[in-house]
Amino acid sequence: MLQKRERGWWKKAVIYQIYPKSFQDTNGDGIGDLPGILQHLDYLAELGIDAIWLCPVYASPQVDNGYDIADYEDIWPVLGTMEDMENLIREADRRGIGIIMDLVLNHTSNQHRWFQAACTSRDSPYHDYYVWRDGTPDTPPNDMMACFGGSMWTWEPHVQQWYFHQFAPEQPDLNWDSPAVRQELYHMIRFWVDKGVAGFRLDVIDQIAKDPDRKITGNGPKLHAYLRELSREAFREEGLVSVGEAWGADPERARLYSAPDGSELSMVFQFQHICLDNAPGGEKWDVIPLKLTDLKRCLSRWQTELHGCGWNSLFWNNHDLPRIVSRWGDDRRYRVESAKMLAILLYGLEGTPYLYQGEELAMTNIQLPIDQYQDVELLNLYRDRIAAGYPEEDVMRSIWARGRDNARTPMQWNAGPNAGFTEGTPWLPVNPNYREINAEAALADPNSVFHCYQKLIALRKRYPVFQDGTFTLLEPDSESLFVYTRETADELLLVVCNFTGNPEPYSLPDAFQRAELLLSNYTTHTDILQPYEARLYRKEEYHAI
Ligand code: GLC
Ligand code: CA
């Protein structure tokens with residue numbers, strides 16, 4: 001019997017994200033697998049996490065590393081078997097760790113039997129599971145461009161129609177306007193609930209209610225009605241967590257997604273704080289300089305506008321984003337200091353914190369030649385930009401800054417061959433810095449980034465102010481310091497971070513002169529903050545003066 005989770009457990013939880021292909025290989029094929037995750041459950045328990053968000057492990061032709069699902073109720077054989085999966089759920093549960101499945105409900109693989117049947121005839125009952133438009137093979141229904149390049153429409157000669165896909169042509173969009181599709185998906189979700197999973201992460205959930213005739217992809221008019229139905233029909237269990245990935249969410253929409261009455265999802269996973277350095281117009285490949293005041297304004301807004309009426313995810317990284325220490329931190333001279341600073345800053349906020357594999361080691365971005373990359377988005381970008389006449393160096397610079405493979409290089413477990421990830425040839429190269437940056441070294445060093453996260457996780461569980469405290473931004477106009485407080489009736493927190501590689505003067509507010517320093521990334525503290533210095537103070541029985 002698996003443990004029962006109480007309602008709202010996820011508000012106190014920390015979630016660790018695993019990208020299975022890159023976590024641990026156990027059979028020498030160079031690809032991480034389910035038994036590999038099993039091997040490291042004790043490591044995760046030691047870190048103190050409550051749940052694992054497991055990126056897709058379903059049967060898939062792997063055009064988009066599993067985000068193209070061919071069978072929702074089967075495991076990709078390269079990762080293992082359903083028995084391995086059940087074993088993982090059970091063994092994780094024994095350590096108090098829940099498994100959150102990654103559900104791709106917006107699209108399937110073109111190898112899914114529904115799509116295969118849909119393509120055979122317009123009369124197939126599965127035809128309506130996807131989004132089709134009539135036309136002629138030379139002119140797509142409109143000029144919508146897919147997230148991974150090319151048109152959002154692909155011609156299917158068997159039925160003489162175009163089908164719609166927001167991502168690769170191998171990822172046809174499901175038609176959420178079909179009640180049969182929705183019921184089929186709810187049924188499939190119950191399959192996983194019955195296996196004892198702790199919840200679900202819902203891939204690009206804001207894109208399910210599309211309306212191509214009006215060129216609507218995100219935030220379609222029926223989106224929230226669909227989410228309420230999904231919640232009612234599939235997430236009946238009180239203890240299940242549901243996390244909605246929503247690139248298009250702002251605080252106002254997030255209050256709907258994560259309404260405290262549970263009518264939609266538990267929490268939103270949104271990207272406004274991540275997209276601040278996208279070029280105007282939102283192009284992620286054309287990076288503009290980061291500005292600390294933008295980050296502060298953005299994070300503060302989410303803190304205040306969701307407090308008491310919604311719930312946010314706290315993250316810097318995932319499998320789609322470059323490594324944070326290479327972005328807001330300094331991945332060379334102050335790699336350890338800046339990674340800890342970013343951890344302390346984020347984990348002091350309200351919301352559910354996430355940790356993406358390797359973030360606890362402060363793993364960094366990688367720069368590879370183009371022929372060593374694997375990601376479909378990155379390779380299409382390269383092809384399209386070179387064809388459009390962009391200089392090669394510029395394209396590579398974009399890829400090194402933003403390519404998704406930055407986050408997908410294998411986990412660095414030790415200083416041995418291939419960082420202990422595989423005895424074969426890794427499917428994506430290991431970052432050559434693994435001799436210095438690896439889990440074994442981090443575990444042996446009491447001052448490692450790993451141990452900083454371990455302490456933060458323990459602190460969040462110990463003091464209620466982390467969960468409930470109201471947020472106040474201090475020093476709003478500083479371009480070097482990020483300072484804020486959290487406050488409840490009987491606790492007060494102060495987080496002070498120097499976001500630069502230079503010393504910065506700072507004096508503590510009077511109320512904190514005798515506060516306890518819970519955590520810092522330096523051992524000595526003066527009125528001058530050291531490069532990337534971070535401090536977390538706490539005071540009890542605070543009474544406003
Ligand atoms: C999400 C996933 C990403 C995937 C895309 C299409 O954004 O996180 O990895 O490529 O959806 O499923
Ligand atoms: Ca393997």
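Colleague: How far is the polar side-chain atom of aspartate 64 from an oxygen atom of ligand 1?

Modeller: It lies 2.5 Å away. For aspartate 203, a polar side-chain atom is 2.8 Å from a ligand 1 oxygen. Arginine 201 has a side-chain N or O atom 3.1 Å from an oxygen of ligand 1.

Colleague: What am I looking at, and how is it numbered?

Modeller: This is a predicted model: local features need pLDDT of at least 70, side-chain atom pairs count only at pLDDT 80 or more, and totals for chains, interfaces and linings use all residues. Residues are numbered from 1 along each chain as its sequence is written, chains are lettered from A and ligands numbered from 1 in the order in which they are written, and side-chain values use heavy atoms, with hydrogens and water left out.

Colleague: How many residues surround ligand 1?

Modeller: 14, counting a residue if one of its heavy atoms lies within 4 Å of the ligand. The closest are Asp64, Asp203, His319, Asp320 and Arg404.

Colleague: Switching topic. Which domains does the chain have?

Modeller: Domain 1 is 9-106 + 179-368 + 431-455, domain 2 is 113-164 and domain 3 is 466-540. The bounds come from an automatic or database domain assignment.

Colleague: How many residues make the contact between domain 1 and domain 3?

Modeller: Domain 1 gives 30 and domain 3 gives 32, with contact meaning heavy atoms within 4.5 Å. The C-alpha centres of these two domains are 28 Å apart.

Colleague: And what area is buried there?

Modeller: About 2500 Å², with 70% from carbon and sulfur atoms. That is the accessible area (1.4 Å probe) that the two parts lose on being put together, summed over both. On the domain 1 side, Lys296, Met341 and Ile344 lose the most area to domain 3, together 26% of what that side buries.

Colleague: How many salt bridges between domain 1 and domain 3?

Modeller: The count is 1. A salt bridge here is a side-chain nitrogen of Lys or Arg within 4 Å of a carboxyl oxygen of Asp or Glu. Arginine 486 and glutamate 350 form a salt bridge, with their closest N and O atoms 3.8 Å apart.

Colleague: How many in the whole structure?

Modeller: The search finds 41. One of them joins arginine 182 and glutamate 229 at 2.8 Å, N to O. Arginine 182 is in helix H5 (residues 179-194) and glutamate 229 in helix H6 (residues 223-234), 47 residues apart. Helices are DSSP runs (H or I, at least four residues), numbered from the N terminus.

Terms used. Polar contact = N/O pair within 3.5 Å; in protein donor to acceptor, adjacent residues only side chain to side chain. Helix = DSSP H or I, 4+ residues; strand = E, 2+ residues; numbered from the N terminus.
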